[in-house]
Amino acid sequence: MMKRLLSIVLIFCGIGAVAMAQDNVVLLNYNSLQKKLEKSNEKIQNEKKSSKAKTWFDRGKLMQDIFDIDLEYVTDGMEPSMLKLYYKDPENVTTETKDGEKIQTFQYERMDYVFKNNKLDHWVRKEIVTETPLDKAYKAYEQTLKLDEKGKYTDKVKDQLLLLKKEYQQKGINAYYSGNSKKALQSFETILNIDDMKMFEGAKDTLMIQSAGIIARELGEYQTAIKYYKKLADLGFGGPNTYLNIKSDYLSMGDTTQAIKTMENAFAAYPDTLSVIANLVDLYIRTGEIDQGLKTVDNAIGSNPDRAELYYWKGRLLLNSKADSSIEKAIKAYHKSLERDPNLYYVYYDLGLIYFLQGQDIFKQAGMEKDVDKRKQVNDIATKKYEDAIPMLQKALNLNEGNAELKKETLDLLKRIYYKLQMEDKYNDIVNQINNLK
C-alpha cells in the first residue's frame, strides 16, 4: 500500500476547522435524523411533494447530515485526546502491535476509530441511519436540478455539491486506508463526475484524477488508470512522469505499440527530458524497432544538433542494429556525444565496454589460431582493444558520482582487463576499490 499519499488530497472532514470554539460543540442527533429520514421518505412517495425541487434539495442535505454524524469533528491524523474531547470516552479500547506499529481501536456505539502510532488512520462505521447516504444525496441534487426549472436552487445545489465532494474525499480516503481500494476509487470517480457537471465547467481536480489513476493501477485496472493519466497529460499535470505512468500501464497490458506511441508523444512535449528519450529508445530496442528509433533520434538531432545525449542514444540504437558497420557507426555517434559534452560518464562506459567486448572476441579467435605468428598478431590486436578500453572505463569511473551499479560494473571490467594484460599493480588497486565499495 502506497505511503500516505492520499493525505495530500486535503481531507478536512465535516465542519473541517475542528471547532475553535470547543465550548460550542454541537453533535448531530442520531434519533432526530432517523425521524427526518422517515418524513423525507414519505415526501418523495407523495406525488405532489416529490415534484417539488425543495423536497429533493432538503433530502440531499439530510443525507449529507446522515453521513456526517459521528464525523463532525473528525480529521485525518488527529490524536485520541482530540477525539475524546468531542465524542467523550469510548465504550472500549483495544490495543495491538502490527508491523511495529501500535494500533488502538476506540470503540463507540456506532463507530470504531482506528489509531496507528497515536494518529487517526481510519474509521469503521457500525451503524448508520441509511446506507450510501452520499450517493443518495448526489441523486437528490440531480433531481433538484431537474425539477428546478427557474434555477432557484442552482447556487444552493452548487454549494452543497462542493461540500459533497469533500465528503466523498473523506469517504474515499477512509475506504483506501481501511483496505478497500475499490470503494475508494468509486468515491474519487464520483467526485470527477461532479466536476463534469455543467455548473462546474472548467473545474479539474488534478489530485483526484491522479489518485484515481494510482488506485486503478494498484487494482490492476490499467485501462482505467490510463484514462486518468491521459487526462493529466492533457492538462499538462505531472510533466514527463505522467507519460511514463501511461507507458508503464500499456506495457502491463502487453501493448507495446501504444507504449511507444505514448513515449513519442512525451518526447514531442518534453524533448529535453533525459528520462523520456531514454525510455523511448529502450522501447525501440526492446521491440526491435531500430529503424524507427533511428529516424526519431535523427529528426531530434536535426532540430537540436548540440544535444549530446541524442548522439548517445543514437549510438545505443546502432549497437542493436544488424546493419553493416553498425558498431563503427555507434562508436562515431558516441564520440560526437562526447564532443558536445565530455562529462557524460555513461558514454565513456559504453565505449569502454565496446572495446572490451571486441577485444574479448578477438582473444577467443586468437586461441583458436594454430599458427603461432598469426596467433601473436591477433593477440596484439585484441590487446590494443583492451588498451583502448582502459582510458574510457577509467574516465567513466572518475566522472561517475552517483550511479553505484554502473561504477561496480566499470570496476569489474577494469579488473578483468588488468588481469588479462597481467598489469598486477593496476589489478590490485581495482580489487581494493571493489572491496571498499559501500
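## Tyr-176 and Tyr-177

Both Tyr-176 and Tyr-177 are buried, meaning under 20% relative accessible area with a 1.4 Å probe and protein chains only. Their ring centres are 5.0 Å apart and their planes stand at 85°, so this pair is edge-to-face. Rings of Phe, Tyr and Trp (its six-membered ring) pair if their centres lie within 6.5 Å; planes under 30 degrees apart count as stacked, over 60 as edge-to-face and the rest as tilted.

The model is predicted: local features need pLDDT of at least 70 and side-chain atom pairs 80 or more, while totals for chains, interfaces and linings use all residues. Residues are numbered from 1 along each chain as its sequence is written, and side-chain values use heavy atoms, without hydrogens and water.

## Other aromatic pairs

The structure holds 16 aromatic pairs. In one of them, the rings of Phe-356 and Tyr-386 have centres 5.3 Å apart and planes at 15°, so they are stacked. Phe-356 belongs to helix 15 (residues 345-368) and Tyr-386 to helix 16, so the pair ties together parts 30 residues apart in sequence. Helices are DSSP runs of H or I with at least four residues, numbered from the N terminus. Phe-356 and Tyr-386 are both buried.

A cluster linked by ring pairs contains Tyr-312, Trp-313, Tyr-334, Tyr-345 and Tyr-346.

## Asn-400

Asn-400 is in the loop between helix 16 (372-399) and helix 17 (404-420). Its relative accessibility is 3%, so Asn-400 counts as buried. Beyond its neighbours within four places in sequence, Asn-400 is in contact with Tyr-345, Leu-406 and Lys-407, where contact means heavy atoms within 4.5 Å.

Technical notes
Helices (H or I, at least four residues) and strands (E, at least two) are DSSP runs, numbered from the N terminus. Buried means under 20% relative accessible area, exposed over 50%, partly exposed in between (1.4 Å probe, protein chains only).
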